[in-house]
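Please open the structure in a viewer and keep the selection tool at hand.

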Amino acid sequence: MSDAALRAEALEALLTERGIVTREAIDAVVSHYEQDVGPMNGARVVARAWCDADYRARLLADGTAAIAELGFTGPTEGECIVVVPNGPRVHNVVVCTLCSCYPWPVLGLPPAWYKSPEYRARVVREPRDVLAEMGLELDPNVEIRVWDSSAEVRYLVLPERPPGTEALSEDDLAALVSRDAMIGVARAGEPAS
Ligand code: FE
């Protein structure tokens, strides 16, 4: 953990122990980012990439710039976002083995499991098993690529467009893109874990 992360943990512990801030209030802020702010943004990026081949090409060439085209920027955890596309033969999944680095402008704050020592250690060693446990069974022929986020680079998974969605609008498509699909622990169109 970084010094800043340790300080934040110590502050949170003190503030809650002394009754100045409740855990519920902190959770509410986290939930706000998870549910109301973050993943909606990433879902718009993904839906645009599904509908617009030129945008998809720009997104894969320079994720940060293409994401900024939609207005999603920020000095916090968004300086360099690399977008990794899933395909029939390749499945990408994101972790931060060191702590909890995550693309805030497009996903909000990371869920608790993303920060857990178990996920961080196991998804690197046995990604296929971890994904299966989280409800994502992958064909043995599909290669799994695990991307380790850092302070410099954050990753966003571009999920495959679900079959049978050719007639859907960009807005309807965005509704199919969950946070978990953009971390790579679910497919688009599946419920979040
Ligand atoms: Fe980290």
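Begin by selecting Cys96, which is buried because its relative accessible area is 0% (buried means under 20%, with a 1.4 Å probe and protein chains only). This is a predicted model, in which local features need pLDDT of at least 70 and side-chain atom pairs count only at pLDDT 80 or more, while totals for chains, interfaces and linings use all residues. Residues are numbered from 1 along each chain as its sequence is written, and side-chain values use heavy atoms, with hydrogens and water left out.

Next, display the iron ion. Its donors are Cys96 (SG), Cys99 (SG), Cys101 (N) and Cys101 (SG), at 2.2 to 2.6 Å (donors are N, O and S atoms within 2.8 Å of the metal, and water is not among the atoms, so sites may look incomplete). Along the chain, these donors follow the spacing C-x2-C-x1-C.

Then select Ala5, Ala8, Glu9, Ser100 and Lys115. Of the 32 residues lining the largest pocket, these are the closest to its centre (a pocket is an open set of points on a 1 Å grid where a 1.4 Å probe fits, with protein on both sides within 12 Å along at least five of seven lines; lining residues have an atom within 4 Å of a point). Because domain 1 (3-34) and domain 2 (38-183) both contribute lining residues, the largest pocket lies between them (the bounds come from an automatic or database domain assignment).

Finally, select Gly87, His91, Leu138, Glu160 and Arg187, which lie nearest the centre of the second largest pocket, lined by 16 residues.

Methods. Donors are N, O and S atoms within 2.8 Å of the metal (3.2 Å for Na, K and Ca); water is not among the atoms, so sites may look incomplete. Buried means under 20% relative accessible area, exposed over 50%, partly exposed in between (1.4 Å probe, protein chains only).
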